[in-house]
Amino acid sequence: MAARLTGRRVTGARSGSGSPAEVTLADGTAVMVKRGDAPGAVRAEVSGLRWLGAAGAVRVPAVLGHDAWWMVTERVPAGRPDGTAALRFGHALAALHAAGAPAFGAPPPGGAEEAFIGRAPLRNTPGDDWPRWYAEHRVLPYLRGAVDAGTLRPAEAAVIEEVCARLPDLAGPAEPPARLHGDLWNGNVLWGADGEVRLIDPAAHGGHRETDLAMLRLFGCPHLDRVLAGYQEAAPPAAGWRDRVGLHQLFPLLVHAVLFGRSYAEQAVTAARGALAG
């Protein structure tokens with residue numbers, strides 16, 4: 001597969017047949033070969049990586065070849081997280097967001113409206129009003145999915161629906177669409193041996209920059225205080241952004257509730273109540 005997609009002979013591969021897999025090309029280059037989980041997943045990931053990389057801000061692994069079901073990217077030698085790299089990452093993440101997007105929900109150039117966040121479907125429908133767009137296209141679809149699956153109780157759903165109704169008042173100052181990674185949990189942040197961070201597995205789209213920051217906080221990130229310090233130096237978020245973290249975490253928590261069950265539904269309700277109380 002790697003040979004066909006890169007036009008270079010394969011000389012070795014690590015044992016195992018899973019995806020992604022590490023493969024060595026004839027010139028000694030180590031690459032990662034990954035299979036898409038669903039039709040359109042590779043197209044979405046490739047277009048997302050290229051859009052993020054085009055900002056010239058946070059680095060991403062180069063895409064060396066792909067087809068409808070498979071993609072080959074460069075392998076990033078792993079390093080240890082450190083505060084200096086974290087500070088640079090914060091600066092670069094601010095620059096990525098500042099690169100912007102045509103609209104909230106805008107897919108990357110060449111990307112499809114029907115994309116993915118992890119294994120969950122993600123619809124990139126453009127809009128120009130963030131509170132309305134966030135409620136309609138990021139919170140409510142997964143809320144309905146969680147209720148339909150019995151993961152979230154109707155009374156709990158009502159709390160989240162109240163947040164959606166009050167979003168114009170809760171959202172803070174209006175901001176232009178940012179260029180988001182869209183699934184920025186720690187597992188998608190690679191700390192390279194060269195001291196530079198790369199981002200992988202994007203669910204890239206135009207959105208609110210506080211959503212990426214909220215996801216970093218949700219699942220933890222090494223040296224997060226330094227990442228945020230770097231971000232603050234480059235482009236301070238609007239006043240009160242820390243009080244809005246729970247609001248922006250509703251989206252990833254509800255996605256996880258749909259994919260992984262009840263404990264994330266409970267966290268989503270807690271985040272909703274905190275947003276209303278704040």
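Student: Does Asp194 count as buried, exposed or partly exposed, and at what relative accessibility?

Tutor: This is a predicted model. Asp194 counts as partly exposed, at 44% relative accessibility.

Student: Which residue forms a salt bridge with Asp194?

Tutor: Side chains of opposite charge can pair when their charged atoms come close. Here Arg198 forms a salt bridge with Asp194, and the closest N and O atoms are 2.8 Å apart. Arg198 is buried, with a relative accessible area of 6%.

Student: How many salt bridges does a search of the whole structure find?

Tutor: The search gives 14. Among them is the pair Arg209 and Glu175, whose side chains meet at 2.8 Å, N to O. This pair links distant parts of the chain: Arg209 lies in helix α7, Glu175 in the loop between α6 (167–170) and β8 (178–180), and 34 residues separate them. Both Arg209 and Glu175 are buried. There is also a network of salt bridges, which links Arg153, Glu156, Arg262 and Glu266.

Student: Which strand is joined to β7, and by how many bridges?

Tutor: Strand β6 (residues 114–117) is joined to β7 by four bridges, and the two run antiparallel. Their hairpin has two residues between the strands, and Gly118 takes a positive phi near 60° there.

Student: What is the bridge partner of Glu114 in β7?

Tutor: The partner is Arg123. The side chains of Arg123 and Glu114 also meet in a salt bridge, at 2.9 Å from N to O. Arg123 is partly exposed, with a relative accessible area of 45%, and Glu114 is partly exposed too, at 41%.

Student: Which residues of helix α8 are buried?

Tutor: An α-helix has 3.6 residues a turn, so residues three or four places apart point the same way. In α8 (residues 224–234), the buried residues are Leu224, Val227, Leu228, Gly230 and Tyr231. They cover an arc of only 155° around the axis, which puts them on the same side of α8.

Student: What covers that buried side, and which exposed residues does the face turned away from it carry?

Tutor: The cover over the buried residues of α8 includes α3 (83–98) and α7 (209–219). The face turned away carries the exposed residues Asp225 and Glu233.

Technical notes: Residues numbered from 1 in each chain as written. Predicted model: local features only at pLDDT ≥ 70, side-chain atom pairs only at ≥ 80, totals over all residues. Heavy atoms only, no water. Pairing = 2+ DSSP bridges. Buried < 20%, exposed > 50% of the residue type's maximum accessible area, 1.4 Å probe, protein only. Arc of directions from axis to C-beta. Contact = heavy atoms within 4.5 Å. Salt bridge = Lys/Arg side-chain N within 4 Å of Asp/Glu carboxyl O.
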